[in-house]
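Subject: Structure handover

Hello,

Here is the structure for your files. My notes on it follow below.

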Amino acid sequence: MSGLSVGRFRRFLAAGVLLMAVCAAPARALDQAYPALDALLKKHVAWDANGVTSVVAYKGLAADRAELRRVLDELSAVSREQYDAFRRDEKLAFLINAYNAFTLELVLTRYPDLKSIKELGTKAQSPWKRKFFRLLGEERQLDAIEHDMVRAPGVFDEARIHFAMVGASVGCPGLRPEAFTAARLETQLEDSTRRFLRDRSRNRYNPRVGRLEVSKIFEWYRADFERGPRGAATREAFLSRYADLLADDPKDQQLVREGKAPIAYLDYDWSLNDRR
């Protein structure tokens with residue numbers, strides 16, 4: 001056989017058949033209850049005493065980093081074909097979990113020598129533009145998940161994702177101590193929204209100056225709040241739904257409910273949401 005023995009040829013052929021079988025094997029199905037991620041979040045994330053924000057025990061999470069990486073590998077193993085076959089809520093839960101999990105991994109690349117996630121960026125590149133993971137078969141950065149996949153007009157049109165996808169900072173909404181799932185997505189999104197909006201350190205009607213003072217999230221992503229969820233035509237209309245959380249006095253609540261309260265933005269705290 002032109003220098004190739006029958007035995008070697010058979011071994012070569014067998015190896016080729018095995019490789020073809022591996023390549024043809026269907027991708028492993030994702031458990032959309034996300035049990036491993038859910039367990040990690042329950043172990044290392046906790047709501048504060050008021051239940052409006054959360055802190056992450058990054059020191060403990062660092063000790064479990066091998067488990068976190070197994071979770072990330074599981075997320076990275078999902079193919080574009082598998083994702084495309086997901087239902088709408090399955091896709092959104094998957095992307096929220098991926099964003100939050102990879103954000104935790106990004107923090108751990110320098111923790112504990114880190115006071116803010118912004119320290120992981122440079123003048124030329126923000127930390128959210130660093131390509132450091134694979135998702136749906138491509139090298140990605142966090143911005144790709146948030147802006148290109150989740151916020152893309154006409155895909156989800158779900159403003160409440162801004163209270164679910166967390167940037168590892170005190171000014172951000174609280175990271176939930178559980179994984180998002182399609183079965184509970186509506187409940188989880190609404191609960192995260194209400195927790196954030198009833199935190200008076202970040203959102204409140206100020207009767208002393210007669211204005212609604214809210215997080216810069218409502219400035220940065222104003223357009224998102226003007227195309228949903230559930231048909232909100234303006235940012236003020238979105239906030240009006242939560243007037244009871246933003247103001248105490250019934251008269252002030254009515255101003256918010258009618259969208260008549262002037263809006264101002266509070267400073268954003270980029271300190272790491274760490275439970276030291």
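Which residue takes a positive phi in the hairpin of strand 5 and strand 6? Gly210 does, at a phi near 65°, and the hairpin has 4 residues between the strands. (Strands are DSSP runs of E, at least two residues, and helices runs of H or I, at least four residues, numbered from the N terminus.)

This is a predicted model, in which local features need pLDDT of at least 70 and side-chain atom pairs count only at pLDDT 80 or more, while totals for chains, interfaces and linings use all residues. Residues are numbered from 1 along each chain as its sequence is written, and side-chain values use heavy atoms, without hydrogens and water.

Strand pairing (at least two DSSP bridges between two strands): strand 5 (residues 204-206) runs antiparallel to strand 6 (residues 211-214), joined by 3 bridges, with Arg204 opposite Glu213. Strand 6 also pairs with strand 7 (residues 263-265), in the parallel sense; there Val214 stands opposite Tyr265.

Salt bridges (a side-chain nitrogen of Lys or Arg within 4 Å of a carboxyl oxygen of Asp or Glu) number 31. One of them joins Glu190 to Arg160, with the closest N and O atoms 2.8 Å apart. Glu190 lies in helix 8 and Arg160 in the loop between helix 7 and helix 8, so the pair ties together parts 30 residues apart in sequence. Both Glu190 and Arg160 are buried (under 20% relative accessible area; exposed is over 50%, partly exposed in between; 1.4 Å probe, protein chains only).

Regards
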